[in-house]
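I opened the model to look up a few local features and keep notes on each. The entries follow in the order I made them.

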Amino acid sequence: MKLVLLLLLLLSPCLLCRRADALLTRGDTNSTGNYFGSLNVSVDADLSAVIRRVDRRFLSVTIDASLASEEKFVELLRSPKIRTLAKALSPAFLRFGGTRQDFMVFTPQRYHQDSGVTADQSCDRVELPLWLEDKLKKEWTQQQLVLMREDQEKKYKRVKFTENTVDLLNSFTNCSGMDLIFGLNALLRTAENTWNSSNARSLLQYCESRRYRMSWELGNEPNSYEKKAGIRVDGDQLGRDFKHLRDLMSESKIYHDAGLYGPDVGQPRDHRADILTGFLQTGAEAIDACTWHHYYVSGRDASLDDFLDPDVLDTLTLKTKEVLKKVKLVSPGKKVWLGETSSAFGGGAAGLSDTFIAGFMWLDKLGLGARLGLDVVMRQVFIGSGFYHLVDDNLDPLPDYWLSVLYKRLVGPDVLKIAAFCDFGCSKRVRLYLHCTNTKRSGAVTLISMNLSKKLARISVPALVSSNTVDAFVLQSDQPGEAGLNSRSVKLNGQVLKMVDDKTLPDLKGSRLPPAEHLQLPAYSLAFFVLADAQAAACR
């Protein structure tokens, strides 16, 4: 029977839990250690083999191109505070792109002055003065109102940017330990509706003169071009545009073997799937990874219940499998990335996407995405307009930022098999994933855990916990109960997380647990349990 249950690992969490519920009714209902008022979960894990291995930059981030809607706001990337926060997320890709990338035009200054932020420039020498940072933060708050109005009306202005934006982005990624991906404008078209590459050529020539190491994208969500710009580009033509860009890159000494990613299509829906298929048929050979975007709900009408609904979380499985199938059919072996993703599209849901409750969608997407076979997941956004950012308008970290840092420190790229079996009432509200730990400790594993229920969950991991000491990293809202789900502050093992100063993060220490038969996961909590001496053969 145990072997049969292990074969269910490839099924969705819902099927696993329903199957376990049925088994428990026929067996000993106390076999999981029945505990009044709690959810009881037993776990079966296979530590002998890795089932997936994701990129070491699996958790990556974006900066929305809207930050350059007025070039002065890009100066915020010189803030020592924002650079400190970014460093803690490395290694990672940093994608600069989004809706407004397709309205941006590189306009080099005829007499460009050295900004002092070249790739090899000392990071301390380019820090933003505090008075200027405060001024820009206040102005950025007002600028977001302008951007939101443009988004609602779907009327976008052409934005000119100079060498300064490119310099600042390269300095920021260089000093933060990230790898820059720059999104080019695909809506610069010829009379024949092919991509006009002259502006991109000028930009590449400038970047090559500065010896900037970076990768490239072309266009953002081509499925929406007709709606936002009155231009229709089909998948076949888009693929040819990417081949054109790859040919352009091949002429460069620096960028001939640089990364090119695309097409950054929206999640499969009606004609969007046709765009992806057509693109792959003509452009698959030009790209290093196929990128698509995913959001669970609309930011306009999302509810708190949506963020805790297991059925909403499970929609990622269907969409991901659909994309993976299309890519495998046309270009077997091609990596697939979530090139932009968050909780709610349309800029996020105010009071939800920027609060503690958003962590359930974010952590589940990381766990499920890695298990399904996505190689990189890019969080929209690190900083920028909207409500789904990791860092707020005052450049203070929000709950999802701290969750991301812990994931970076504790979760390695190797994914392991795990099956969760739940008692009555558990349904799909206790969600678990297992990875090798992101340390040099041989054989260590990290159990990624989340409890979407208002009840305590008791997790039984006989093969691991009974003979091992556990370090627990439990994240909860700083306020109790359901009211705390909308909080913009988070506690780690009971301590509210906040920066010590603009250049120092707090110690993110785990709580050492003694050997026990169960792990306890509080109501509405997210946790990482690190088992340092699990002796997992797959993690050596």
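Before looking at a helix, I noted that its expected span is 1.5 Å times one less than its number of residues. The model is a predicted one.

**Helix α11**

I looked up α11, which covers residues 310–330 and has 21 residues. From its first C-alpha to its last it reaches 32 Å, close to the expected 30 Å. At the N-terminal end I found aspartate 309 as the cap of α11, with a side-chain oxygen 2.9 Å from the backbone nitrogen of aspartate 311. I then listed buried residues in α11; among them are Pro310, Val312, Leu313, Leu316, Val323 and Val327. The buried set also includes Asp314, Thr317, Lys319 and Thr320. For reading such a list, I kept in mind that an α-helix has 3.6 residues a turn, so residues three or four places apart point the same way.

**Glutamate 75**

Where does glutamate 75 lie? I found glutamate 75 in the loop between β3 (59–64) and α3 (80–87). Is glutamate 75 buried or exposed? Its relative accessible area is 16%, and the cut-off for buried is under 20%, so glutamate 75 counts as buried. Leaving aside residues up to four places away in sequence, I noted that glutamate 75 touches Leu128, Leu136, Asn164 and Leu168. The side chain of glutamate 75 also makes a polar contact with the side chain of arginine 78, at 2.7 Å. I checked glutamate 127 as well: glutamate 75 and glutamate 127 are 52 residues apart in sequence, and their C-alpha atoms are 9.5 Å apart in space.

**Aromatic rings**

I searched the whole structure and got 18 aromatic pairs. Phenylalanine 103 is in the loop between β4 (92–97) and β5 (104–106), and tyrosine 156 is in the loop between α4 (130–153) and β6 (159–161), so the pair ties together parts that are 53 residues apart in sequence. Phenylalanine 103 is buried at 11% relative accessibility, and tyrosine 156 is buried at 16%. I also recorded a cluster linked by ring pairs, made up of Phe96, Phe106, Phe161, Phe182, Tyr206, Trp216 and Tyr255. At tryptophan 362, I found the charged end of arginine 379 over the ring, 5.1 Å from its centre.

**Confidence**

Last, I looked up pLDDT. The chain averages 89, and 89% of the residues score at least 70. Over residues 1–35 pLDDT stays under 50. For residues 1–35 the model has 51 contacts beyond four places in sequence.

Conventions. Residues are numbered from 1 along each chain as its sequence is written. This is a predicted model: local features need pLDDT of at least 70, side-chain atom pairs count only at pLDDT 80 or more; totals for chains, interfaces and linings use all residues. Side-chain values use heavy atoms; hydrogens and water are left out. Helices (H or I, at least four residues) and strands (E, at least two) are DSSP runs, numbered from the N terminus. Buried means under 20% relative accessible area, exposed over 50%, partly exposed in between (1.4 Å probe, protein chains only). Contact means heavy atoms within 4.5 Å. A polar contact is a pair of N or O atoms within 3.5 Å; within protein, one must be able to donate a hydrogen and the other to accept it, and residues adjacent in sequence count only if both atoms are side-chain atoms. Rings of Phe, Tyr and Trp (its six-membered ring) pair if their centres lie within 6.5 Å; planes under 30 degrees apart count as stacked, over 60 as edge-to-face and the rest as tilted. A charge sits over a ring if NZ of Lys or CZ of Arg is within 6 Å of the ring centre and within 35 degrees of the ring normal. pLDDT is the predictor's confidence in each residue, from 0 to 100.
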